[in-house]
Amino acid sequence: MLLYFLVIAALLAWGVHLAWRWREVKAFAPEVLAAKKRDREIPEDVTDVEFTDLYLRSEGPRGETYFFVCAAIMFLLLGPFVAAFNSVWNMIWLMSGKSPVFETGTLIHTFMVFLSFMATTIGLLAIAMRRYYALMPPNLKQVIRDLNGGA
């Protein structure tokens, strides 16, 4: 039970750290805009709101946020996943004539729980990374180029 609470504490700390990083990036955007306007890299008519949104998309910790969401989902789904897997495994065990090899708690059962959970985790990460790269934000250099009319 202590391990469960430690994982929850670690997830909460990770979430707070990510929220702090998002807040810091948002707070830093006006300073970057002022510096880029001073250096004449960005036109004077660009507003703080417009630039802050673009800056958050390009410089925010999006990748880390995706990993955090995946970790939280997998942690919350661990119990229900194992319960569902054990129900299916128990049905297969009963259909096999209650073979002692396939009884719940044996080495093959534990290994199959591990493999199926890892496959589910990898599948979720693949979906998340596919979404991340499909919606890949531009970097700051591309944002500045676009604000200058693509020149």
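This is a predicted model: local features need pLDDT of at least 70, side-chain atom pairs count only at pLDDT 80 or more; totals for chains, interfaces and linings use all residues.
The largest nonpolar core comprises 13 residues. Among its members, Ile-42, Val-46, Phe-51, Tyr-55, Leu-140 and Leu-147 have the most contacts inside the core. Three helices each supply at least two residues to this core: α1, spanning 2-38, α2, spanning 48-59, and α5, spanning 140-147. In soluble globular proteins, nonpolar side chains tend to be buried together.

When neighbours within four places in sequence are set aside, Leu-140 is in contact with Val-32, Phe-51, Tyr-55, Ser-58 and Glu-59. Of these partners, Phe-51 and Tyr-55 are also listed with Leu-140 among the core residues that have the most contacts.

Ser-58, another partner of Leu-140, is found in helix α2. The relative accessible area of Ser-58 is 14%, and a residue counts as buried when this value is under 20%; Ser-58 is therefore buried. Residues up to four places away in sequence not being counted, Ser-58 touches Pro-137, Pro-138, Asn-139, Leu-140 and Val-143.

The other serine, Ser-116, lies in helix α4, which covers residues 107-134. With residues up to four places away in sequence again left out, Ser-116 touches Phe-81 and Phe-85. The C-alpha atom of Ser-116 is separated by 53 Å from that of Lys-37, a residue 79 residues apart from Ser-116 along the chain.

Technical notes:
Residues are numbered from 1 along each chain as its sequence is written. Side-chain values use heavy atoms; hydrogens and water are left out. Helices (H or I, at least four residues) and strands (E, at least two) are DSSP runs, numbered from the N terminus. Contact means heavy atoms within 4.5 Å. A nonpolar core is a set of buried Ala, Val, Leu, Ile, Met, Phe, Trp, Tyr and Cys residues joined through side-chain atoms within 4.5 Å. Buried means under 20% relative accessible area, exposed over 50%, partly exposed in between (1.4 Å probe, protein chains only).
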